[in-house]
Amino acid sequence: MDEYNVGTNKVVIREDRIVHITVIGEQDDAIAQGFLDFHEKAHNIVGGKIRYLIDINQTGKASPMARRVYKQLGEMETTERVALYGAHPLAKLVGNMVLSTFARNEAKFFNDEKSALQWIRRENT
């Protein structure tokens with residue numbers, strides 16, 4: 001597994017084309033741009049469409065640009081699926097708010113990592 005940092009966030013590239021992100025703290029414009037840059041790199045590393053597994057238990061406020069970028073990343077042709085998870089009340093609020101902006105069905109929110117990982121690994125939903 002390869003590990004990276006994008007701003008304050010921890011990113012691990014796992015097997016099965018899964019990019020596991022632990023979102024930590026506030027998400028500003030620079031971090032959002034970092035994720036746009038990292039997406040292309042991750043796509044080249046995994047060799048196919050990316051499955052994002054995103055832990056938002058430690059998330060903070062996101063700038064308006066960051067919210068737009070994260071929506072854009074979720075809807076790219078090179079993104080296969082997005083599973084957000086978090087048990088913290090703020091995580092649930094943020095997760096549902098983010099997913100409500102997505103124009104695709106391949107994104108879901110879960111309370112825990114295990115459920116999110118099971119769903120994201122399914123070949124057919």
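Contact here means heavy atoms within 4.5 Å. With that in hand, let's work through some exercises together.

The model is predicted, so local features need pLDDT of at least 70 and side-chain atom pairs count only at pLDDT 80 or more, while totals for chains, interfaces and linings use all residues. Residues are numbered from 1 along each chain as its sequence is written, and side-chain values use heavy atoms, with hydrogens and water left out.

**Exercise 1. Find the place of T59 and list its contacts beyond the neighbours within four places in sequence.**

Step 1: T59 sits in strand β4; strands (E, at least two residues) and helices (H or I, at least four) are DSSP runs, numbered from the N terminus.
Step 2: T59 counts as buried, since its relative accessibility is 13%. Buried means under 20% relative accessible area, exposed over 50%, and partly exposed in between (1.4 Å probe, protein chains only).
Step 3: Once neighbours within four places in sequence are set aside, T59 touches V23, G25, L90 and V94.

**Exercise 2. Describe the fold and overall size of the chain.**

Step 1: Count the elements: four helices and six strands.
Step 2: Walk along the sequence, and the order reads β-β-β-α-β-α-β-α-β-α.
Step 3: Check the radius of gyration, taken over C-alpha atoms, against the globule rule of 2.2 Å times the number of residues to the power 0.38. For 125 residues a compact globule would come near 14 Å, and the chain, at 13 Å, agrees with this.
Step 4: Along the principal axes, the C-alpha atoms fill a box of roughly 30 × 25 × 25 Å.
Step 5: For contacts between residues at least 6 apart in sequence, 73% join residues at least 24 apart.

**Exercise 3. Identify the largest nonpolar core and the elements that supply it.**

Step 1: A nonpolar core is a set of buried Ala, Val, Leu, Ile, Met, Phe, Trp, Tyr and Cys residues joined through side-chain atoms within 4.5 Å.
Step 2: The largest such core has 28 residues, and V19, I21, I54 and I56 have the most contacts inside it.
Step 3: Elements giving two or more residues to this core include β3 (18-27), α1 (29-46) and β4 (50-62). The biggest share, seven residues, comes from α1.
Step 4: Look at I56 as an example: beyond its neighbours within four places in sequence, its contacts are V23, L84, Y85, A91, V94, G95 and F109.
Step 5: A second, separate core has nine residues, among them L53, A83, L117 and W119.
A background point: in soluble globular proteins, nonpolar side chains tend to be buried together.

**Exercise 4. Is H20 buried or exposed, and which residues does it contact?**

Step 1: Locate H20 in strand β3.
Step 2: H20 is buried because its relative accessible area is 10%.
Step 3: Leaving out neighbours within four places in sequence, H20 meets K10, V11, V12, R14, L53, D55, Y85 and E113.
Step 4: Compare with D112, which is 92 residues from H20 in sequence and 13 Å from it in space, C-alpha to C-alpha.
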